[in-house]
Amino acid sequence: MELFTKENNDITKFQPLAARIIPKELNEFFGQEHILGKGKLLRRIIESDRIGSMIFYGPPGCGKSALAKIVANKTKSEFIETNAVTIGVSDIRNIINSAYKRLKIYNKKTILLLDEIHHFNRSQQDALLPDVEKGIINLIGITTENPYFYVNFALLSRSSVFEFKRLSDDDIRKIINRALTDVNYGLGRYKIKIDEEAINHIVRYSEGDARRALNAVELSVIATEPEPDGVIHVNIRIAEESMQKKFILYDKKSDQHYDHISAFIKSLRGSDPDAAVYWLVKMLDAGEDPRFIARRIIIAASEDVGNADPNALIVATSALTALEFVGMPEGKIPLVQSAIYVACAPKSNATYNALSLAENEVQKGITREVPIHLKDPNVDGENRGHGKGYLYPHNFKDHFVVQEYLPNPKIFYTPSEQGYELEIKKRLDQWRKKKNV
């Protein structure tokens, strides 16, 4: 037994940090509070060692395998770990036969951890079904794919399905801190000084993937020469190299945020699609909320393009819808498309000017009452003369007739001669000429 223990320790030291630091108890596990918080169902199941068949699914590095290892450490059942990529139906049969004998002779249950269960085809999954149903084995299936698409409904119906979410930045920080301070399995035996901006960079670009963050931290430490005092100093440059991601100076609460979005908006207004795309991509790469950028494109489509190209607003709002539907990173594509469209569209701020003039008139000009012929005749309005004398434009030539719509008329909208607004201007000039406005 001592020989095996020594052998396991020798193997452990060659494992990557992400494998060595894997939590062994629930109090060492960070994240997934929605299913593992105090009093939650999954936590109660694990703590009471009443493990049934379960499916864990979610993005990479969010703790699915780590939690399964905690189950392995805590349960009194036999725990068998395997991968759907490397085993076939005959291997499953051997596992099930051993589980049956173990249950019959020793009254000991078997838990089968099957990683990447989505790689199992229907017939392989069917081979598991009868014995899962009988309780010969309890299955823990792990997958990054949606199990409702990749796992047999019959197997799903006999399992509890738990969805894992991407880890929060705070969770990643806690995991990194544990790795840096753990003397036995982490990097605690080293003298390490890691700059805050380096940690921030690793956290940001790990994108909720603990394995990716830990790999970057380990690479930063082992690939950095200690200083004369033995301290390994990890700065932002080393963090960039370890994450293979350039650090972008961009604080969403500082001038950088306002300066970049200002440059983006002015590039759209100035009809420079190349500059607009650059600032857009830089903001996204620095972690800016893509919905914030989408909203700015929508505003530019109305404020700076307006009726010179009414389709600009349609494209911009469609980009936001597409972004919400497909998510990131693919959502970048419709964002860039809409930015290019708005930048290349003919420009007019006539709509924005009309809004400003009208607001000023409402707030500071004379107060106008609704003319009686424009008032609503419904309910008792007709008895009071409401709507009397109103001329229905569709009864007249060209669907237009001169009548008063605004007492003391004043022009707020002056269309430009850009794009489609030139056509609007021609029609409006004719109508206003007839009204002598």
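Me: Which residues make the nonpolar surface patch of about 380 Å²?

Reply: First, this is a predicted model, where local features need pLDDT of at least 70, side-chain atom pairs count only at pLDDT 80 or more, and totals for chains, interfaces and linings use all residues. Residues are numbered from 1 along each chain as its sequence is written, and side-chain values use heavy atoms, leaving out hydrogens and water. Patch residues have over 30% relative accessible area and no salt bridge, with nonpolar side chains joined within 5 Å. Here they're Tyr 390, Tyr 392, Tyr 405 and Leu 406.

Me: Is Tyr 390 buried, partly exposed or exposed?

Reply: Tyr 390 is found in the loop between helix H19 (350-364) and helix H20 (421-435). Buried means under 20% relative accessible area, exposed over 50%, and partly exposed in between (1.4 Å probe, protein chains only). Its relative accessibility is 39%, so Tyr 390 is partly exposed.

Me: And Leu 26, buried or exposed?

Reply: Leu 26 also sits in a loop, the one between helix H2 (17-20) and helix H3 (33-36). Its relative accessible area is 11%, so Leu 26 is buried.

Me: How far apart in space are Leu 26 and Ile 46?

Reply: In sequence, Leu 26 and Ile 46 are 20 residues apart. They're in contact (heavy atoms within 4.5 Å), and Leu 26 also touches others, including Leu 36 and Ile 70. From C-alpha to C-alpha, the distance is 9.0 Å.

How values were computed:
Helix = DSSP H or I, 4+ residues; strand = E, 2+ residues; numbered from the N terminus. Patch = residues over 30% accessible without salt bridge, like charges linked within 9 Å, V, L, I, M, F, W, Y side chains within 5 Å. Areas by Shrake-Rupley, 256 points an atom, 1.4 Å probe, with all protein chains shown as cover. Salt bridge = Lys/Arg side-chain N within 4 Å of Asp/Glu carboxyl O. Lists of a residue's contacts leave out its neighbours within four places in sequence.
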